Amino acid sequence: MGRRKAREAAFMVLFELDFGQTEVEAVFARAMAERGVEGPDRDFARDMVWGTLRYRERIDAIIKELSRDWRIERMNSVDRNVMRLALYELLYREDIPPNVAINEAVELVKRYGGADSPRFVNGILGKVAENLAAYRAAGG
């Protein structure tokens with residue numbers, strides 16, 4: 001349950017930052033404290049947040065490429081940030097199996113997103129997983 005809670009906290013950080021909050025460290029510290037994320041799980045959440053932010057431009061380009069007829073700016077903020085987090089896991093965390101990253105993302109959007117969110121997010125992430133080697137080879 002530790003990594004699941006850490007992922008959820010990392011998502012909350014990204015979600016809040018998406019609304020213009022610029023103090024990443026303060027948002028991160030508050031989210032971890034509110035959810036009781038400590039030790040190795042906090043380190044995992046930190047990597048997830050900073051990694052996602054570091055590669056956000058590439059991650060967003062992939063989302064744009066695969067989400068026909070949807071501009072990323074117009075997407076539901078929950079969907080957008082869950083996909084960002086999961087794509088960071090898929091592309092840059094080879095220690096996490098793709099099916100785990102996708103399943104965790106779908107669980108997050110079931111909890112926080114809209115009725116169509118799970119299918120939408122699963123579809124985008126599934127396309128990346130199908131061609132994961134090519135996406136990873138394209139670099140970041």
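Which residues in α1 meet which residues in α5? From α1 come R7, A10, F11, L14, F15 and D18. They meet S77, V78, R80, N81, V82, R84, L85 and E89 in α5. The model described here is predicted.

## α1 against α5

Helix α5 spans residues 77–92. The axes of α1 and α5 come within 9 Å. They cross at roughly 125 degrees. That angle makes α1 oblique to α5. The crossing of α1 past α5 is right-handed.

## α1 against α3

Helix α1 covers residues 2–18, and helix α3 covers residues 39–54. The two pack at an angle of about 35 degrees. Their axes are 8 Å apart. Here too a handedness can be given: α1 passes α3 in a right-handed crossing.

On the α1 side, the contact is made by G2, R3, A6, R7, A10, V13, L14 and L17. On the α3 side, the residues are D41, F44, A45, M48, V49, T52 and L53. By class, the contact of α1 with α3 has 10 nonpolar, 2 polar and 3 charged residues.

An α-helix has 3.6 residues a turn, so residues three or four places apart point the same way. In α1, the residues that meet α3 include A6, A10, V13 and L17.

A6 is found in helix α1. Is A6 buried or exposed? A6 counts as buried because its relative accessibility is 0%, and the cut-off for buried is under 20%. Leaving aside neighbours within four places in sequence, A6 is in contact with V37, D41, F44 and A45. R58 is 52 residues from A6 along the chain, and the C-alpha atoms of A6 and R58 are separated by 23 Å.

G39 has its place in helix α3. G39 is partly exposed, with a relative accessible area of 38%. G39 and G2 are 37 residues apart in sequence. In space, they are 9.9 Å apart, C-alpha to C-alpha.

## α3 against α5

How do α3 and α5 cross? Their axes come within 9 Å and cross at roughly 100 degrees. The two helices are therefore roughly perpendicular to each other. F44, D47, M48, G51 and T52 of α3 make the contact with R84, L85, Y88 and E89 of α5. By class, the contact of α3 with α5 has 4 nonpolar, 2 polar and 3 charged residues.

## E104 in α6

E104 lies in helix α6, residues 98–112. E104 is buried, with a relative accessible area of 12%. Its side chain makes a polar contact with the side chain of R4, at 2.9 Å. Which residues is E104 in contact with, leaving aside its neighbours within four places in sequence? They are R4 and R7.

## The buried residues of α4

Helix α4 covers residues 56–66. Its buried residues are R58, I59, D60, I62, I63 and L66. What covers them includes α3, α5, α7 (117–130) and α8 (132–137).

Note on methods: Residues are numbered from 1 along each chain as its sequence is written. This is a predicted model: local features need pLDDT of at least 70, side-chain atom pairs count only at pLDDT 80 or more; totals for chains, interfaces and linings use all residues. Side-chain values use heavy atoms; hydrogens and water are left out. Axes are lines fitted to C-alpha atoms, for helices over the stretch in contact, and angles run from 0 to 180 degrees between N-to-C directions. Helices (H or I, at least four residues) and strands (E, at least two) are DSSP runs, numbered from the N terminus. A crossing is left-handed if the near helix is turned anticlockwise from the far one by less than a right angle, and right-handed if clockwise. Contact means heavy atoms within 4.5 Å. Ala, Val, Leu, Ile, Met, Phe, Trp, Tyr, Cys and Pro count as nonpolar, Asp, Glu, Lys and Arg as charged, and the others, Gly among them, as polar. Buried means under 20% relative accessible area, exposed over 50%, partly exposed in between (1.4 Å probe, protein chains only). A polar contact is a pair of N or O atoms within 3.5 Å; within protein, one must be able to donate a hydrogen and the other to accept it, and residues adjacent in sequence count only if both atoms are side-chain atoms. Angles under 35 degrees count as roughly parallel, over 145 as roughly antiparallel, 65 to 115 as roughly perpendicular and the rest as oblique.
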